[in-house]
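Let's take a friendly walk through this model. Have the viewer open, and follow along section by section.

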Amino acid sequence: MQHSTGKIMKCAMCGKEESTPGTFPMVIGVGRICLSCGMEKVTCDVCGQEVKRLTSSRFQGKNLCLRDHMKEVEKYKQHIVKTFDEDSESVEEILHRSLTDAPLGYTLVTVKRARNSMHVWEAEYEKSEILQSRCS
Ligand SMILES: [Zn+2]
Ligand SMILES: [Zn+2]
């Protein structure tokens, strides 16, 4: 017979174990945390507001309040990165294609060599209307 009891989780912040499986709440980007860590205040990196860790999240390396979390996720979705490989096509070809093969409704922001590769290129696109509203 299998044990149907859930696994005892450890707090992602302090390492304390929960007494009954499933009692630690989940914080996005952090993991399960105990209630005392959950009551700690964190400062939102975007709006500077202090919120309980329980109602915060970590996203793209930033502490965020829930409202800014929604905004950041939205922004992230509006950002597309396409990769090209210099092993299969020339740099000129990549630069040309990154422009002509832009996803519909997106504008090319930058083309650069990927940070940890010698032959992979990354083309970054942003949703066109965002770019326009920022420039106006
Ligand atoms: Zn804890
Ligand atoms: Zn915020």
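## The site of zinc ion (ligand 1)

Along the chain, the donors of the zinc ion (ligand 1) follow the spacing C-x2-C-x19-C-x2-C. Please keep in mind that this is a predicted model. The residues behind that pattern are Cys11, Cys14, Cys34 and Cys37, each coordinating the zinc ion (ligand 1) through SG at 2.3 Å. The angles among the four donor atoms run from 103 to 116°, and the site is tetrahedral.

This site also ties together distant parts of the chain: Cys11 sits in the segment before strand S1 (26-27), while Cys34 belongs to the loop between strand S2 (31-32) and helix H1 (35-39). These two cysteines are 23 residues apart, and both Cys11 and Cys34 are buried.

Cys47 counts as partly exposed because its relative accessibility is 35%. Cys65, by contrast, has a relative accessibility of 4% and so counts as buried.

## The aromatic pair

If you like ring geometry, there is one aromatic pair to inspect in the structure. The centres of the Phe59 and Tyr76 rings are 5.5 Å apart, and their planes meet at 85°, so the pair is edge-to-face; the cut-off for that label is an angle over 60 degrees. The pair links distant parts of the chain, with Phe59 in strand S5 (residues 56-59) and Tyr76 in helix H2 (residues 66-77), 17 residues apart.

Are the two partners buried or exposed? Phe59 has a relative accessible area of 16% and is therefore buried. Tyr76, at 48% relative accessibility, counts as partly exposed.

## A positive phi at Gln60

Now for a backbone detail worth a click. Most residues other than glycine have a negative phi. Gln60 is not a glycine, yet its phi is positive, at about 55°. Where is Gln60 found? Gln60 is in the loop between S5 and S6. With a relative accessibility of 53%, Gln60 counts as exposed, since the cut-off for that class is over 50%.

Strands of a sheet pair through backbone hydrogen bonds, either parallel or antiparallel. In this model, three strands form an open sheet in the order S7-S9-S8, and their pairing is antiparallel. Strand S7 (79-85) and strand S8 (106-113) stand at the edges with a single partner strand each, so one side of each has no neighbour in the sheet. From one strand to the next, the twist averages 25°.

How many bridges join S7 and strand S9 (residues 120-127)? The two strands pair over seven bridges in the antiparallel sense. To place the pairing in your viewer, look for Ile80, whose bridge partner in S9 is Tyr125.

Note on methods
Residues numbered from 1 in each chain as written. Chains lettered and ligands numbered in written order. Predicted model: local features only at pLDDT ≥ 70, side-chain atom pairs only at ≥ 80, totals over all residues. Heavy atoms only, no water. Phe/Tyr/Trp six-rings, centres within 6.5 Å; stacked < 30°, edge-to-face > 60°. Helix = DSSP H or I, 4+ residues; strand = E, 2+ residues; numbered from the N terminus. Buried < 20%, exposed > 50% of the residue type's maximum accessible area, 1.4 Å probe, protein only. Donors = N, O, S within 2.8 Å, 3.2 Å for Na, K, Ca; no water. Tetrahedral: all angles 85-135°; square planar, octahedral: opposite > 155°, others 65-115°. Pairing = 2+ DSSP bridges. Axes fitted to C-alpha atoms, helices over the stretch in contact; angles between N-to-C directions.
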